[in-house]
Amino acid sequence: MGLRREDWPAGIDARLMAGTVIPAHPLALRADRTLDARRQKALSRYYLDAGAGGLAVGVHTTQFAIRARGLYEPVLRIAAEAAAERDTPPILVAGAIGRTDQAVAEARIARGLGYHAVLLSLAAWKGANEDEIVAHCEAVAAEMPLFGFYLQPAVGGVELPASFWKRFAAIPNVVAIKIAPFNRYATLDVLRGVLEAGAADRVALYTGNDDHIVADLLTPFRLAHEGRAATLRIVGGLLGHWSVWTRGAAQLHARCRDAALANRVPTDLLAMDAAVTEMNAAVFDVAHDYHGVIAGCHEVLRRQGLLEGIWCLDEHETLSPGQAELLTAVAQRYPLLTDDGFVAANLNRWLS
């Protein structure tokens, strides 16, 4: 019998729908590229103390290669253990990839560890037709609530029209969608699909558009359907960008949420969109087509002492030329969006 949102512990559904910060969890490695379990758990503790309402594990930022190294279950388990330390349980989201057999198997592992939903990557379905992809989603939804994922095609995602998102949102066990095509037109396709499926009241919308985080959270998306106007909101984010400087991210999300509720956006808050995007360009290594994206996240965490080094499972994944200098520059330009002092004050406790 699969998991349904009705089976979740009290409060999980309400927090998901209200919107929260969900960092895409990195992987802590030693110099020999084996798992550093102590620092892996310290990262989870950091995110939750920083104000994150959930954790996304086994996703791109965690490195897809954990599966080939036998690390998928151990890494998910460590985050679940850190979550169990909290009085208020955070939302636990596990990445699921591949064709149906693999994705279903990963959903079952996540369910067994107490996760609440799976973030379903569709990258393995490039070239498939819409019926095939929808059938795959329905099969995984039979196991676990689904967090949909529109990944930008530039890094392996599949182009998905509004017709797909309408069918996806109509699947009863779909609970949220991460919108990350880095494309305003495609972002609207997701919103249009959710609206036409009549699912806006039960499918939470989360930004994954790291190039437009603040504007996504502030925009009232006013759309029309069947002669009636409707306003949709992106209420939170599931972001690799939020795996660094997370305290600042949580504070910024809270400001955006308050402004959206008040229907009044201060110009200084709107101006933050450009600052956050500039910081993201350094972390995600946009200048080199995202080559150093994971290493960029690691470098910020290394400088803070949360990671020992920036090692990735693939030894060729590292910082690009000039990326370290860019990271230094954006941290100096926008100190209010960083959290070095918060990390320094709590690091020893998280590592204990």
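This is a predicted model: local features need pLDDT of at least 70, side-chain atom pairs count only at pLDDT 80 or more; totals for chains, interfaces and linings use all residues.
Taken as a whole, the chain contains 13 helices and 10 strands. Its radius of gyration is 19 Å, close to the 20 Å that the globule rule gives for 352 residues, so the chain is as compact as a globular protein of that length. The C-alpha trace spans about 55 × 45 × 40 Å along its principal axes. Of the 352 residues, 57% are buried. Contacts across the sequence also deserve a look: among those between residues at least 6 apart, 77% join residues at least 24 apart.

The structure holds 10 aromatic pairs. In one of them, the rings of tyrosine 46 and tyrosine 47 have centres 5.0 Å apart and planes at 40 degrees, so this pair is classed as tilted. Tyrosine 46 and tyrosine 47 are both buried. Another pair, phenylalanine 147 with tyrosine 206, is edge-to-face, with 5.4 Å from centre to centre and 75 degrees between the planes. This second pair links distant parts of the chain, since phenylalanine 147 lies in strand β5 (residues 146-151) and tyrosine 206 in strand β7 (residues 204-207), 59 residues apart. Phenylalanine 147 has 0% relative accessibility and therefore counts as buried; tyrosine 206, at 0% relative accessibility, likewise counts as buried. Returning to the tyrosines, ring pairs link Tyr46 and Tyr47 with Phe342 and Trp350 into a cluster.

Phenylalanine 182 has a phi near 55 degrees, a positive value in a residue other than glycine. Phenylalanine 182 sits in the loop between β6 (174-180) and α7 (184-196). With 18% relative accessibility, phenylalanine 182 counts as buried, because the cut-off for that class is under 20%. Tyrosine 290 also has a positive phi, near 70 degrees, and is again a residue other than glycine. The loop that holds tyrosine 290 runs between α10 (267-283) and α11 (293-304).

Note on methods: Residues are numbered from 1 along each chain as its sequence is written. Side-chain values use heavy atoms; hydrogens and water are left out. Helices (H or I, at least four residues) and strands (E, at least two) are DSSP runs, numbered from the N terminus. The radius of gyration is taken over C-alpha atoms; the globule rule is 2.2 Å times the number of residues to the power 0.38. Buried means under 20% relative accessible area, exposed over 50%, partly exposed in between (1.4 Å probe, protein chains only). Contact means heavy atoms within 4.5 Å. Rings of Phe, Tyr and Trp (its six-membered ring) pair if their centres lie within 6.5 Å; planes under 30 degrees apart count as stacked, over 60 as edge-to-face and the rest as tilted.
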